Amino acid sequence: MAKGPPASWLGKSFDTFAPLGPCIVTADEISDPNNLHVRFWSNGQLRHNYNTDDMEHRVPELVAFATMVMTLYSGDVISCGTNHEGIGNLQDGDTVVIDIEGVGRMRQKVVDPLHRQWERGVYMGENSTHPDAVKRHRPTPAT
């Protein structure tokens, strides 16, 4: 188990912040929230392809921590965040799609009124889980 509080989601949990939908599910609809396949595309390029069993903290632990610092009500959502590796920088005009097994698929267009632009590089270092980096950095076993 990881040490320290699961606090990385605090910066993503402000009122009116982060799109949700077109659907969410209730706890009784997902037998194990720490075993869902998640895929994320940016402009048609698959950037994330992982299972929630790779989360730093399990969902019951996240709920327990959240209730120590805030009151949760029926219908509240805890945004856990993600490993940012492979996502890359998003900017005005990009289209992103996320698909979560058993939950649904959401498509969003990124809108930045300032139309800022920056390098589109994606970190894919030696310990990357991104499929292209895995091919590049992990040797195939000898047959």
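The side chains of Arg 58 and Asp 32 meet in a salt bridge, with 3.7 Å from N to O. Because Arg 58 lies in the loop between S2 and H1 whereas Asp 32 belongs to the segment before S1, this pair ties together parts that are 26 residues apart in sequence. Arg 58 counts as partly exposed at 45% relative accessibility, and Asp 32 is likewise partly exposed, with a relative accessible area of 29%. The model in which these contacts are found is a predicted one, and its salt bridges come to four in number.

Among them are two that share Asp 99: Arg 39 meets this residue in a salt bridge of 3.5 Å, N to O, and Arg 105 forms another with it, the closest N and O atoms being 3.2 Å apart. Since Arg 39 lies in strand S1 and Asp 99 in strand S3 (residues 95-100), their pair ties together parts that are 60 residues apart in sequence. Asp 99 is buried, because its relative accessible area of 16% falls under the 20% cut-off, while Arg 39, at 27%, and Arg 105, at 44%, are partly exposed.

| Salt bridge | N to O distance |
|---|---|
| Arg 58 and Asp 32 | 3.7 Å |
| Arg 39 and Asp 99 | 3.5 Å |
| Arg 105 and Asp 99 | 3.2 Å |

In general, strands of a sheet pair through backbone hydrogen bonds, in either a parallel or an antiparallel manner. Here four strands make up an open sheet in the order S2-S1-S3-S4, and their pairing is antiparallel. Strand S2 (45-51) and strand S4 (104-109) are the edge strands, each of which pairs on one side only, and the twist from one strand to the next averages 10°.

Helix H1 spans residues 59-69, and its buried residues are Leu 62, Phe 65 and Ala 66. Seen down the axis of H1, these buried residues fall within an arc of 100°, and they therefore line one face of the helix. The face of H1 that is turned away from this buried side carries Pro 60 and Met 68, both of them exposed.

Technical notes: Residues numbered from 1 in each chain as written. Predicted model: local features only at pLDDT ≥ 70, side-chain atom pairs only at ≥ 80, totals over all residues. Heavy atoms only, no water. Buried < 20%, exposed > 50% of the residue type's maximum accessible area, 1.4 Å probe, protein only. Helix = DSSP H or I, 4+ residues; strand = E, 2+ residues; numbered from the N terminus. Arc of directions from axis to C-beta. Pairing = 2+ DSSP bridges. Axes fitted to C-alpha atoms, helices over the stretch in contact; angles between N-to-C directions.
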